[in-house]
Amino acid sequence: MEQEQQSTNGNSAAPEDDFVVEFDFDGGWLGLTLHEGTKAEARKMAADLVEQFDPLRLDVSKAALQQELEEHALSVHESGPLLTAVAYTDSGVFLADMSVLAYGEDGVTRPSPKEYEGMLLKWSYAEVKGDAQITEVELPIGPAVRVQAVLVEKRRFGWGKKLSECVRYWVWPTGHEEILLVEARWLNFERADELTDLVDRVMPSLRLVPVPAETGTAPESLGEL
């Protein structure tokens with residue numbers, strides 16, 4: 001998924017290094033968060049995830065699925081997410097992806113949800129088609145604004161356009177200086193209700209877990225996503 005990366009002042013946002021993001025995923029998502037960003041790390045993670053699929057139900061080879069997961073993990077890692085996850089069918093067909101990004105600068109007061117309204121419907125790679133659904137919600141982690149929209153994305157080299165659907169949560173974690181962006185996107189409109197529910201169900205479990213001070217680095221794995 002191509003990520004929106006414009007911060008409040010127009011600069012590229014970078015994730016903080018003093019916490020990791022966790023969800024209580026219920027099996028609908030597979031975690032693809034890389035910490036080192038190496039091919040070896042992506043290859044091992046993809047191989048472990050493939051083993052979670054029932055080979056009798058797969059419509060693709062395990063090798064092809066592993067390669068797809070590996071390439072996706074490496075590609076998304078370039079945008080600097082705090083967390084990356086994907087959803088697949090039991091047969092090995094890609095459904096959706098989700099990433100979490102952090103925005104903010106040390107010593108700069110973050111804008112309130114009201115002050116941030118101008119950024120809610122901005123995507124660097126697409127435009128909103130029709131009217132977006134915007135809802136203020138209260139999550140255990142803090143206030144948030146939920147955005148659901150159909151996007152018109154420009155294809156590379158200008159050859160045509162494609163439609164996708166996106167659910168975003170802009171989150172203001174209590175006690176933190178950053179604004180978090182949780183963004184999920186898919187192309188299969190026939191499964192939009194199912195995928196929307198998949199996102200909405202896990203959002204109340206969003207939490208930030210401090211990284212132990214003695215290590216200064218994120219854990220090697222967030223566990224089963």
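Me: Is glutamate 183 buried or exposed, and at what relative accessibility?
Reply: This is a predicted model, in which local features need pLDDT of at least 70, side-chain atom pairs count only at pLDDT 80 or more, and totals for chains, interfaces and linings use all residues. Residues are numbered from 1 along each chain as its sequence is written, and side-chain values use heavy atoms, with hydrogens and water left out. Buried means under 20% relative accessible area, exposed over 50%, and partly exposed in between, with a 1.4 Å probe and protein chains only. Glutamate 183 therefore counts as buried, at 0%.

Me: Which residue meets glutamate 183 in a salt bridge?
Reply: A salt bridge here is a side-chain nitrogen of Lys or Arg within 4 Å of a carboxyl oxygen of Asp or Glu. The N to O distance in this one is 2.7 Å. The partner lies in strand 7, 15 residues from glutamate 183 in strand 8. It is buried too, at 0% relative accessibility: arginine 168.

Me: How many helices and strands does the protein chain have?
Reply: Helices (H or I, at least four residues) and strands (E, at least two) are DSSP runs, numbered from the N terminus. Along the protein chain the elements run β-β-α-α-β-β-β-β-β-β-α-β. The count is three helices and nine strands.

Me: What share of the residues of the protein chain counts as buried?
Reply: The protein chain has 225 residues. Glutamate 183 is one that counts as buried, at 0% relative accessibility. For the protein chain, the buried share is 46%.

Me: How many residues apart in sequence are the parts that aspartate 24 and arginine 207 tie together?
Reply: The side chains of aspartate 24 and arginine 207 form a salt bridge, N to O 3.0 Å. Aspartate 24 is partly exposed at 49% relative accessibility, and arginine 207 is partly exposed at 30%. Aspartate 24 sits in the loop between strand 1 (19–22) and strand 2 (30–31), arginine 207 in strand 9 (residues 207–210), so the pair ties together parts whose separation in sequence is 183 residues.

Me: Which residue is linked with Asp24 and Arg207 in a network of salt bridges?
Reply: A search of the whole structure finds 12 salt bridges. Some are linked in a network that includes Asp24 and Arg207.

Me: Where is the salt-bridge partner of arginine 43?
Reply: Arginine 43 forms a salt bridge with glutamate 70, with the closest N and O atoms 4.0 Å apart. Arginine 43 is partly exposed at 40% relative accessibility, whereas glutamate 70 is buried at 13%. Arginine 43 belongs to helix 1 (residues 39–50); 27 residues away, glutamate 70 is in helix 2 (residues 62–77).

Me: What is the C-alpha to C-alpha distance between glutamate 71 and alanine 42?
Reply: Glutamate 71 is placed in helix 2. It is partly exposed, at 47% relative accessibility. Glutamate 71 and alanine 42 are 29 residues apart in sequence, and their C-alpha distance is 7.8 Å.

Me: Why is the pair of tyrosine 116 and tryptophan 170 edge-to-face?
Reply: Rings of Phe, Tyr and Trp (its six-membered ring) pair if their centres lie within 6.5 Å; planes under 30 degrees apart count as stacked, over 60 as edge-to-face and the rest as tilted. A search of the whole structure finds seven aromatic pairs. In this one the ring centres are 5.1 Å apart, and the pair is edge-to-face because the planes are at 70°.

Me: How far apart are the C-alpha atoms of proline 140 and threonine 174?
Reply: Proline 140 is in the loop between strand 5 and strand 6 (142–154). It is exposed, at 69% relative accessibility. Threonine 174 is 34 residues away along the chain, and the C-alpha separation is 9.0 Å.
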